[in-house]
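This report goes through selected side-chain and helix-packing features. Please keep the sequence and the coordinates at hand while reading.

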There are 2 protein chains.
Amino acid sequence: MADRKTAILDAAIAVIARRGIRGLRVEEVATAAGVAVSLLYYYFGTRDGLVRATLDHANERAAATPARGRDESSGYAGVSAMLLAELDDAPQVRETSVVWGEVLASAVFDAELSVQLRAANETWVALVERCIAEGRRDASVRADCDARASAERLTALVDGLSARWLAGLLDRERARELLADTISRELRPSID
Amino acid sequence: MADRKTAILDAAIAVIARRGIRGLRVEEVATAAGVAVSLLYYYFGTRDGLVRATLDHANERAAATPARGRDESSGYAGVSAMLLAELDDAPQVRETSVVWGEVLASAVFDAELSVQLRAANETWVALVERCIAEGRRDASVRADCDARASAERLTALVDGLSARWLAGLLDRERARELLADTISRELRPSID
């Protein structure tokens, strides 16, 4: 059962990445996952229920990505790898970014989705914050850095750059360059 | 005629701000503007044509906002006022931000919209860049600042913060505080 549910949610991510939330048809997700439409309604209740479960699944999938700051040589290297991974060209990263952008845009008009998204966002900001704090301890991040404020600024910048990349306003290499420079200015101990 | 067209486009901005692009019904815009639906099709051809004209109109309206860097005492004050104005609580600013966010999200799935958006974005980035360059000349901005890169970073951050504010993830005051700090770090001449 868990496998079929995961297959449905992976299919829903792919459909949203291709057509957006507004273009998501429950029938198309069912076909892509190779299951009956009735099974989707059985698992998720409504189309909105499917969208919410897809957001959760996209977040879990993103959190499971190895680049999210593990096995790095320092706190700085960890947070840097974690943030730059959001602008990676792996198809799965692009899919997750599109889903995140779609859900962020939809939450403006959907209070329930906003509550769910706030929790997902807090998890993400807190993870970046912990990595920055680790960098302060190992001295790879400047001592006077406000880890919370830096985490909020850097994750917001990633969202802005990611949205511009996906919308075709900025190429991915330039977005990565702008992000890497900002991480360095924001966190690197000053040389003077 | 220009007045009726403007009234229609103002109504379309208000409808998108309330329901999003996916919730825009041509009939509702016509009712709100007090005109016949046939007149909308006469002016804009299709629903997509109306959406595109609305984006242009929102950009013109935003560019006409007095806070966009005029009458400021220095280049730094100008760019700072211009960027912070995007997180103002005036209803018109919120409306424009929602429209921008919606169009940015939609451009991911619509190549024509992406082209149109690229032009609008370039105008906005170039305006910020010019203000930063002015700040370099009047020494209110650090001499080693790369005006283009800073403009790209700061406008992307504004988009990210704005999206989080509109989606209910971040309160507006906090978003302004994070932005003001970033502008200062990015542009202020260093004291050492």
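## Charges over aromatic rings

In this structure, which is a predicted model, A:R188 is placed over the face of A:Y76, at 4.0 Å from the ring centre. In chain B, an arrangement of this kind involves B:R94, which lies over the face of B:W165, at 5.8 Å from the ring centre.

## Aromatic pairs and a cluster

Over all chains, the count of aromatic pairs comes to 4. One of them joins B:Y42 and B:Y43, whose rings are 5.8 Å apart centre to centre with 50° between the planes, a geometry classed as tilted. The two partners of this pair can be described by their accessibility: B:Y42 has a relative accessibility of 66% and, because the threshold for exposed is over 50%, counts as exposed, while B:Y43, at 15%, falls under the 20% limit and therefore counts as buried.

B:Y43 also pairs with B:F44, in this case edge-to-face, with 5.9 Å centre to centre and 70° between the planes. Both B:Y43 and B:F44 are buried. In chain A, the residues A:Y42, A:Y43 and A:F44 form one aromatic cluster.

## Packing of α4 and α6 in chain A

How are the two helices α4(A) and α6(A) oriented to each other? Helix α4 of chain A, covering residues 47-63, packs against helix α6 of chain A, covering residues 91-107, at an angle of about 140° and with 10 Å between the axes. Because an angle must be over 145 degrees to count as roughly antiparallel, α4(A) and α6(A) are oblique to each other. The crossing in which α4(A) passes α6(A) is left-handed.

The contact between these helices draws on A:L55, A:A58, A:N59, A:R61 and A:A62 from α4(A), which meet A:Q92, A:E95, A:T96, A:V99, A:W100 and A:V103 from α6(A).

## Packing of α2 and α3 in chain B

In chain B, helix α2 (residues 26-33) and helix α3 (residues 37-44) have axes that come within 8 Å of each other and cross at roughly 105°. Since the range from 65 to 115 degrees counts as roughly perpendicular, α2(B) is roughly perpendicular to α3(B).

On the side of α2(B), the residues in this contact are B:V26, B:E27, B:V29 and B:A30, and they meet B:V37, B:L40 and B:Y41 in α3(B). The residue range of helix α3 in chain B, 37-44, also takes in B:Y42 and B:Y43, the tilted aromatic pair described above.

Notes. Residues are numbered from 1 along each chain as its sequence is written. Chains are lettered from A and ligands numbered from 1 in the order in which they are written. This is a predicted model: local features need pLDDT of at least 70, side-chain atom pairs count only at pLDDT 80 or more; totals for chains, interfaces and linings use all residues. Side-chain values use heavy atoms; hydrogens and water are left out. Rings of Phe, Tyr and Trp (its six-membered ring) pair if their centres lie within 6.5 Å; planes under 30 degrees apart count as stacked, over 60 as edge-to-face and the rest as tilted. Buried means under 20% relative accessible area, exposed over 50%, partly exposed in between (1.4 Å probe, protein chains only). A charge sits over a ring if NZ of Lys or CZ of Arg is within 6 Å of the ring centre and within 35 degrees of the ring normal. Axes are lines fitted to C-alpha atoms, for helices over the stretch in contact, and angles run from 0 to 180 degrees between N-to-C directions. Helices (H or I, at least four residues) and strands (E, at least two) are DSSP runs, numbered from the N terminus. Angles under 35 degrees count as roughly parallel, over 145 as roughly antiparallel, 65 to 115 as roughly perpendicular and the rest as oblique. A crossing is left-handed if the near helix is turned anticlockwise from the far one by less than a right angle, and right-handed if clockwise. Contact means heavy atoms within 4.5 Å.
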